[in-house]
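Good morning, and thank you for making time for this presentation. I shall take the structure in stages, and I ask that you keep it in view as I speak.

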Number of protein chains: 2
Amino acid sequence: MILRDSAGAAGRVRVGGTGGYDVRVGSGLLEALPAMVRDVVPARSVALVSDSNVMPLHGAPSADRLEGAGFRVSRHVFEAGEASKTRRTWVRLTDELLEAGHGRDACVVAVGGGVTTDLAGFVAATYLRGIPVVQVPTSYLAMVDASTGGKTGVDVPAGKNLVGAFHRPAVVIADVDALSTLPDRERGEGLVEAVKHGAILDVDHFAFVEAHVAELLDADPAIARRVILDSVALKARVVEQDEFEGGYRQILNFGHTLGHAVEAGSEYELGHGSAVALGMCAEAMMGENLGVTEAGTGARLAELLERLVGPVRTGVTSRAALRFLSADKKVRDGRPRTVLLERIGQVSAGTGWTYAPPEDVTADALERVLSAGLRVAPERS
Amino acid sequence: MILRDSAGAAGRVRVGGTGGYDVRVGSGLLEALPAMVRDVVPARSVALVSDSNVMPLHGAPSADRLEGAGFRVSRHVFEAGEASKTRRTWVRLTDELLEAGHGRDACVVAVGGGVTTDLAGFVAATYLRGIPVVQVPTSYLAMVDASTGGKTGVDVPAGKNLVGAFHRPAVVIADVDALSTLPDRERGEGLVEAVKHGAILDVDHFAFVEAHVAELLDADPAIARRVILDSVALKARVVEQDEFEGGYRQILNFGHTLGHAVEAGSEYELGHGSAVALGMCAEAMMGENLGVTEAGTGARLAELLERLVGPVRTGVTSRAALRFLSADKKVRDGRPRTVLLERIGQVSAGTGWTYAPPEDVTADALERVLSAGLRVAPERS
């Protein structure tokens with residue numbers, strides 16, 4: 001449920017009922033960070049975690065504000081990039097928090113993109129068996145997806161996010177003004193997850209993104225706020241029904257089984273959004289070929305995604321990607337699970353939310369999507 | 001609530017209501033392990049974790065039985081001892097599980113003492129963001145305490161259990177026959193936690209242990225079963241009220257704040273039970289000196305504990321122990337929290353379950369208990 005504040009400048013989505021949390025979205029929210037932290041956690045001491053890009057832009061100013069409001073603050077920075085999202089960085093950050101003397105009455109404030117919210121979230125989830133985390137996403141990816149839903153974790157050599165924990169944030173504070181500091185490329189990459197929410201759940205959300213690509217890539221605060229609120233509200237509806245991914249929540253993995261495999265196959269050279277874009281196109285094509293997905297769905301997806309991330313060219317081979325599939329969390333009985341659409345805005349429930357394609361079907365879909373970029377033609381078109 | 005099976009040979013304690021789990025206690029339970037695993041988890045593949053002592057005794061036979069019943073089983077062994085309870089071992093075990101190809105439909109079966117249940121539990125808690133764990137404790141410590149309550153974790157250089165997660169077991173299976181393979185010394189050490197449950201919650205349980213020390217040290221199955229069931233039932237009552245240690249559960253830390261500090265000060269040379277025994281005596285003495293704890297409580301505690309673990313002689317100085325206190329999880333506002341008794345069987349609620357003594361009181365209690373072993377005289381006696 002989206003709750004619009006009276007001022008109209010900020011809105012919020014409530015995730016879960018009792019014990020749930022707010023996702024607050026608006027302009028200028030970072031200035032009110034200390035009050036919002038105080039509202040949700042009794043903590044007097046804060047461990048603020050940011051990467052080397054975001055620390056000077058938003059991390060340090062946030063730490064200063066918190067100190068100004070009377071919090072004891074320690075600052076923890078790691079080298080920006082997916083390559084830092086490891087158990088090694090988690091060990092170092094944990095030891096830094098211990099060194100700083102944080103007890104159970106401390107909280108982690110994670111300021112940054114998806115790598116930061118996942119990594120700092122995992123530090124919080126396991127520090128003294130769990131202390132609260134306040135998620136302060138500064139990228140589209142983190143605002144529309146990573147910061148909400150409680151998934152935290154790190155990558156390991158065998159694949160992405162294979163180690164982690166579910167750990168609800170105390171609150172999510174998404175200040176859309178931060179999007180203006182985001183590199184252009186990352187804006188489009190992050191919006192891919194908003195497209196995913198529209199594709200599986202809401203054709204109107206999908207169409208709104210289609211109609212406002214330019215403003216979104218330009219980080220227009222009002223349009224960004226609307227898309228983030230709607231996208232988070234869609235995700236929240238799913239997470240509330242199945243927090244720990246026993247079944248229904250798996251629909252959020254649309255595009256991710258094949259996407260992660262491609263991303264791993266590229267040794268994380270390819271952006272997460274581009275990889276998921278490829279994965280969604282491949283899974284849509286599979287569905288069309290199987291007669292489950294309405295004809296033309298893949299083409300409409302590919303068109304919008306290409307406007308966001310450009311044509312995706314990668315040297316990854318389907319063979320390289322397939323190697324990573326078997327280690328995927330979404331594997332059951334040794335076969336990777338994918339998500340199929342009925343049409344834009346409607347996931348297919350026919351296969352119990354996920355579908356385990358025969359290996360040759362997977363290989364074929366990967367082959368086509370990797371050779372064609374995003375514009376993949378289904379077999380019969 | 002203790003539920004006695006009709007046969008009388010096994011009993012069980014239910015922890016929590018919906019989403020709760022059984023702790024099953026009895027003779028010969030390991031032979032029925034495959035059926036009990038199948039009852040609680042849909043897993044077809046099992047990662048069995050044991051240490052180098054327990055693997056040949058109980059781990060490998062359990063793995064054989066599971067394989068015989070149609071499970072796919074991978075075996076994972078680590079060097080016995082608290083020194084293995086580290087993030088490094090957790091990394092290695094996690095990578096072994098990935099290498100074995102376990103997906104979300106796998107479960108961990110932890111066969112061993114407290115180190116194994118804590119460590120393997122943490123592997124399960126964080127593997128693919130959490131897969132089920134079946135706890136199969138084989139020591140008194142693990143049966144009466146470590147396997148129940150959902151605490152998992154590892155030690156770090158700054159102290160014990162400072163990294164971990166809450167992760168409920170799917171079921172706990174305590175086969176009292178395994179106690180016969182336990183070294184004598186470890187029997188007494190493990191029973192210290194049963195004494196703790198009696199000391200804070202139930203004078204009758206405390207008296208039953210007092211009356212049956214010889215049988216318990218001899219691993220008499222019927223007496224052991226009774227003590228384990230009663231002890232787990234007491235702990236379960238606390239855990240149900242406060243699973244994540246927001247308040248009331250802290251009473252289970254009686255003896256542990258000072259005990260952990262002594263244990264760390266000894267560089268883990270001192271057994272956990274002996275360290276907690278020292279901690280309980282020190283905290284009882286503090287309470288008597290403050291007039292909160294009935295006179296004679298510390299003496300009665302010390303007498304029973306000495307029958308279990310012998311006189312505790314250690315070269316640890318109070319200065320060495322105090323250094324570790326500030327990094328303790330139980331620290332709030334920079335002051336370590338201890339638990340005080342009113343008398344045997346009744347914790348003091350007067351201080352909100354925990355009490356933060358002034359540093360000189362802590363130092364004094366530590367000094368006395370370390371110099372006297374367990375038989376500590378309160379100030380005015």
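Predicted model: local features only at pLDDT ≥ 70, side-chain atom pairs only at ≥ 80, totals over all residues.

Let me begin with how the two chains meet. The contact draws 29 residues from chain B and 29 residues from chain A. Which elements of chain B supply at least two residues each to the side that touches chain A? They are the helices α3 (87-99) and α4 (114-126), together with the strands β8 (151-156) and β9 (159-166). In terms of residue class, this side of chain B comprises 13 nonpolar, eight polar and eight charged residues.

For chain A the average pLDDT is 90, and 93% of the residues score at least 70.

I turn now to symmetry. Chain B is superposed on chain A by a rotation of 180° with 0.0 Å of shift along the axis, at an RMSD of 0.0 Å. The two copies are thus related as by a two-fold rotation axis. Which residue of chain B has its C-alpha nearest the axis? That residue is Ala165(B), whose C-alpha lies 4.3 Å from the axis.

Next, the domains within one chain. Chain A is assigned domain 1 (2-182) and domain 2 (245-372). Taken over C-alpha atoms, the centres of these two domains of chain A are 29 Å apart. Where they touch, domain 1 of chain A provides seven residues and domain 2 of chain A provides 10 residues. On the domain 1 side, strand β9 (residues 159-166) of chain A gives the most, with three residues. By class, that side of domain 1 of chain A holds four nonpolar, one polar and two charged residues.

Finally, I would like to consider helix packing in chain B, with helix α6 (residues 184-201) as the reference. Helix α6 of chain B packs against helix α11 (residues 272-290) of chain B at an angle of about 35°, and their axes are 7 Å apart. The crossing of α6(B) and α11(B) is left-handed. From α6(B), the contact includes Gly188(B), Val192(B) and Ala199(B), and from α11(B) it includes His272(B), Val276(B) and Met280(B). The residues of this contact between α6(B) and α11(B) are five nonpolar, five polar and two charged.

How do α6(B) and helix α7 (residues 203-211) of chain B pack, and at what angle? The angle is about 145°, and the axes of α6(B) and α7(B) are 6 Å apart. The crossing of α6(B) with α7(B) is left-handed. Among the residues of α6(B) that take part are Leu191(B), Val195(B) and Ala199(B), while α7(B) contributes Val203(B), His205(B), Phe206(B) and Val209(B). The contact of α6(B) with α7(B) has seven nonpolar and three polar residues, and no charged residues.

Terms used. Residues numbered from 1 in each chain as written. Chains lettered and ligands numbered in written order. Contact = placed C-beta atoms within 7 Å. Helix = DSSP H or I, 4+ residues; strand = E, 2+ residues; numbered from the N terminus. Nonpolar A, V, L, I, M, F, W, Y, C, P; charged D, E, K, R; others polar. Least-squares fit on C-alpha atoms with pLDDT ≥ 70 in both. Domains from an automatic or database assignment. Axes fitted to C-alpha atoms, helices over the stretch in contact; angles between N-to-C directions. Left-handed = near helix turned anticlockwise from the far one by under 90°. pLDDT = per-residue confidence, 0-100.
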